[in-house]
Structures are given as structure tokens and as C-alpha cells.
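Welcome! Take a moment to look over the sequence and the 3D view, and then we will walk through them together.

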Amino acid sequence: MFYIYYSLLYLLSLLPDRLLYFIGDGIYVLAYYVIGYRKKVVMSNLLIAFPEKTAAERVRIAKDFYHQFVNTMVETIQLIAMSDKRFDQRVTSNAEVLNRYIDSGKNVQLHTAHFFNWEMINLGVARKSRFPFVGVYMSFTSKAFDRIMYRMRKRFNTILIPAAEFKDRFHDYVKGKYALGLVADQNPARIDKAYWVSFFDKITAFTSGPERGARANDTAVIFISIQQPRRGHYHLQYELITENPRSLPEGELTKMYVRYLETAIRANPSNYLWSHRRWKWEYNPQDPKQKLIS
């Protein structure tokens with residue numbers, strides 16, 4: 001099945017951009033107007049995040065979000081046959097913020113989020129990084145599709161670690177210098193280990209793993225946001241959060257990350273994955289296990 005799926009997707013990736021985006025626009029109509037894919041979740045999230053906006057403004061953000069969501073699918077197909085030269089034309093960055101640490105003796109953690117297009121983030125970092133770039137991934141149910149995505153994500157020699165093996169086997173995969181990319185806005189797997197931080201004025205649970213890893217390994221921590229000069233073109237913006245995570249009080253690094261995250265979302269609200277429940281857990285001030293970072 002791998003060769004069948006890969007051949008079909010490869011042929012699709014050869015179609016002109018304008019035609020692929022035209023097909024994508026049709027999928028958008030189906031997703032938003034006909035199927036209404038997770039629309040209740042999207043609108044609920046937007047109401048929590050932007051209560052000050054009118055209903056019409058939130059609908060506009062939602063529609064733009066669905067366009068971005070479909071664009072990501074289209075552009076992922078494009079990546080299969082995209083040349084290195086064309087990729088460099090479409091994805092730029094200020095990677096010098098990362099690469100200046102290569103001779104410092106410090107490794108780096110890159111904290112990003114579910115921004116569109118996250119596949120471009122993965123490849124864009126790996127393309128320009130002087131560090132060996134490490135990414136954590138979740139396997140797909142379809143073995144054939146999982147193999148296609150794995151092959152695409154390793155294009156620029158990313159070291160891919162399955163999420164299920166990351167905690168116990170990170171140092172089996174990685175020796176010496178590294179830049180580790182983490183999507184740090186994940187809902188925590190264990191709520192009793194979460195840090196609770198104000199996010200869009202609502203106390204929200206964030207996974208503590210990225211902070212704990214940065215402190216344990218004393219890495220520099222860099223935030224990556226993504227900007228879109230025009231459709232299909234991306235700029236990865238690296239911003240230093242801290243060079244010394246161990247010097248910060250517990251939870252402070254997560255709090256700083258959340259501030260960067262919220263700023264990036266407010267600057268471009270439709271460029272964030274609103275179809276996942278961002279406020280899945282409720283904060284209980286009476287629960288001593290819930291660590292509020294104020």
C-alpha cells in the first residue's frame with residue numbers, strides 16, 4: 001500500500017500550485033459549510049480567547065483558520081516533490097539566533113506550537129540548523145501513510161523520535177550536540193504534573209515536560225513563531241526565551257513560553273490550531289496537586 005499511496009501523492013504534488021490550492025478551496029467549503037468539522041470546538045475556543053470580539057469577527061477568524069488548515073494539507077502534499085531550491089524560496093528564517101550557540105557548548109530546545117504550517121517548521125529548522133535537529137513525532141494509524149510522513153520529515157536529516165519512546169530513550173537517539181524541537185502547547189498527559197498558567201485570561205493547564213527537560217539539560221530555550229508573507233510562503237521567527245533555565249523559579253519558563261505563545265496568536269489568530277480543545281481541564285484551587293504559576 002505504501003507504493004500505491006506514495007505514487008498517488010507524488011503525482012498530486014506535481015500539479016501546479018494554483019490547481020492544488022483550487023482543490024484545497026473546494027475542500028475548505030466542504031469542511032466549513034457542509035461537514036462543519038469540529039466547528040463547535042473551534043467557535044468555543046475562539047469565544048474563550050476573544051470574548052471582546054464580535055460574533056462576526058470570530059466567524060471571520062474561524063473561516064480563515066479552516067483555510068489555513070486545508071492549506072497545510074495541500075502544502076504537505078507539495079513537499080513530496082518540492083525541490084530544495086523551491087523550498088528555500090518558500091521558507092525563510094532568522095536561524096542565526098539558533099546557530100550562534102553551536103560553538104558555545106550549550107544545546108538548544110526550540111519551543112513552538114500548533115502553528116500553520118507545522119510541517120514547514122520542522123523542515124525549515126532542519127534545513128538551516130547547524131545542530132543535529134531532533135523532532136518528536138506521533139505515529140499514524142495507517143502504516144503506509146506513517147511511512148510516507150516519516151520519509152518526508154527526515155528529508156533534511158531530522159532525528160525523529162517516537163513520542164512513546166522519548167522520555168526513556170532520548171539519549172539513546174541523541175549523542176552530543178542537538179537542537180530539540182518541541183510542540184509545547186500540548187495538553188498535559190498527567191494533569192497532576194501540569195503547570196497552570198493564565199492563557200487568554202483563563203487559568204490553563206500546560207505540560208511541564210519541556211521546562212523540566214530544559215532545566216535538566218541546561219539548554220538555551222528559543223521560541224519559534226511563524227509568519228506568512230503570502231499564501232504558501234513562511235518565515236520562521238526565532239526568539240530567545242532564556243539561556244539559563246536553571247536560574248528561573250519553577251514554572252517561570254512555562255509562563256514565559258505562554259506569553260510568547262499568546263502574543264504570536266493575537267498577532268495572527270487564524271494561524272493556530274483551534275480545532276483541538278485548548279481548555280480541556282478546569283483549574284481547581286482546592287487541589288494541592290495543581291501548581292498555579294502566578
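**The protein at a glance**

Buried residues account for 48% of the 294 residues in the protein. Keep in mind as you explore that this is a predicted model. Its secondary structure consists of 11 helices and 10 strands.

**Overall shape**

- The radius of gyration of the protein is 19 Å, close to the 19 Å from the globule rule for 294 residues, so the protein is as compact as a globular protein of that length.
- If you follow the C-alpha trace along its principal axes, it spans about 55 × 50 × 35 Å.

**Surface and contacts**

- Take the contacts between residues at least 6 apart in sequence: 76% of them join residues at least 24 apart.

**A pair of helices to find**

- Two packed helices are described by the angle between their axes and the distance between the axes.
- Look for helix α7 (residues 118-128) and helix α8 (residues 143-153), whose axes come within 10 Å and cross at roughly 40 degrees.
- On the α7 side, the contact is made by Glu119, Asn122 and Leu123, while α8 brings Met149, Met152 and Arg153.
- Sorted by class, this contact of α7 with α8 has three nonpolar residues, one polar residue and two charged residues.

Terms used:
Residues numbered from 1 in each chain as written. Predicted model: local features only at pLDDT ≥ 70, side-chain atom pairs only at ≥ 80, totals over all residues. Heavy atoms only, no water. Axes fitted to C-alpha atoms, helices over the stretch in contact; angles between N-to-C directions. Helix = DSSP H or I, 4+ residues; strand = E, 2+ residues; numbered from the N terminus. Contact = heavy atoms within 4.5 Å. Nonpolar A, V, L, I, M, F, W, Y, C, P; charged D, E, K, R; others polar. Rg over C-alpha atoms; globule rule 2.2 N^0.38 Å. Buried < 20%, exposed > 50% of the residue type's maximum accessible area, 1.4 Å probe, protein only.
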